[in-house]
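Me: Hi! I'm new to this one and would like to look through it with you. Could you help me find my way around?
Reply: Happy to, let's have a look.

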Amino acid sequence: MSGFFSLLPDLLPMIMPSEVQITKASDLEAQRDGKDAAMIRQGAVIGKSDRMCATVLVAKPHCSSAVHHHGEQETIIYAASGKGMEPKRHELSAGDFAFIPPWTEHQEINQTDENVVWILIRSGPEPVVVYLTGWGGDTAKADKP
C-alpha cells in the first residue's frame, strides 16, 4: 500500500490537471513602481510550484549586487536584454544562458549605460539569496527577494 502512496505525486497531475497560471507584464511593472533600488527583483512565478520559481532581475546602469549564493538551489539565467556580467566576470549578452550550481558564489554586474534584464529560474518554490561579506566571506544576511 505504501508503494501506491509514493506514486500519488506523479499520478495526481494526470488525474487532476492544474490550471495554467499567467503573470502579466503589467503585474511585473506594478512591482517596479516606486522602487529606486539599483537592482530590482520582480517575482514572476513564486510559490506556485514545489520545484521551481522565476524572477525578473532589472539591473540599472553602473551597479552591482553583493556577492552571494543561492544555497541548495540551482539557478538558470536567461539574459533578456542588455549586457551584464555574472559568476566571476562571465559576460552575458541578450539571448545568452548561464547555469549556476548550488552554493556557487557570484555577483551580478552592470557596467553599461543601459538596463540589464535577466530572467532567473531556480529550483525551489521561492528564491533564496544568501549574501556574503565578500568572495569566500561569511554570511552577511539571508534574504528572500
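Me: Is Lys-83 buried, partly exposed or exposed?
Reply: Lys-83 counts as partly exposed, at 40% relative accessibility. Here buried means under 20% relative accessible area, exposed over 50%, and partly exposed in between, with a 1.4 Å probe and protein chains only. This is a predicted model, where local features need pLDDT of at least 70 and side-chain atom pairs count only at pLDDT 80 or more, while totals for chains, interfaces and linings use all residues. Residues are numbered from 1 along each chain as its sequence is written, and side-chain values use heavy atoms, leaving out hydrogens and water.

Me: Which side chain does Lys-83 meet in a salt bridge?
Reply: That is Glu-91, with 3.7 Å from N to O. A salt bridge is a side-chain nitrogen of Lys or Arg within 4 Å of a carboxyl oxygen of Asp or Glu. Glu-91 is partly exposed too, at 46% relative accessibility.

Me: How many salt bridges are there in the whole structure?
Reply: A search finds two. Glu-108 and Arg-41 also form one, and their closest N and O atoms are 3.6 Å apart. Glu-108 sits in the loop between β8 (97-100) and β9 (109-110) and Arg-41 in strand β1 (residues 39-45), so this pair ties together parts 67 residues apart in sequence. Strands are DSSP runs (E, at least two residues), numbered from the N terminus.

Me: Are Glu-108 and Arg-41 buried or exposed?
Reply: Glu-108 is buried, at 3% relative accessibility. Arg-41 is buried as well, with a relative accessible area of 17%.

Me: New topic: how many residues are in the largest nonpolar core?
Reply: There are 12, including Met-39, Leu-57, Ile-77 and Trp-118. A nonpolar core is a set of buried Ala, Val, Leu, Ile, Met, Phe, Trp, Tyr and Cys residues joined through side-chain atoms within 4.5 Å.

Me: Which strand gives the largest share of this core?
Reply: β10 does, with three residues. Another core, of six residues, lies apart from it, and Leu-28 and Ala-44 are among them.

Me: And which residues form the nonpolar patch on the surface?
Reply: Met-52, Ile-76, Tyr-78, Phe-97, Phe-99 and Ile-121, with about 570 Å² of accessible area together. Patch residues have over 30% relative accessible area and no salt bridge, and nonpolar side chains (Val, Leu, Ile, Met, Phe, Trp, Tyr) are joined within 5 Å, like charges within 9 Å. Accessible areas come from the Shrake-Rupley method with a 1.4 Å probe, and for residues only the protein chains shown count as cover.

Me: Where does Phe-97 lie?
Reply: Phe-97 lies in strand β8, and at 58% relative accessibility Phe-97 counts as exposed.

Key: Helices (H or I, at least four residues) and strands (E, at least two) are DSSP runs, numbered from the N terminus.
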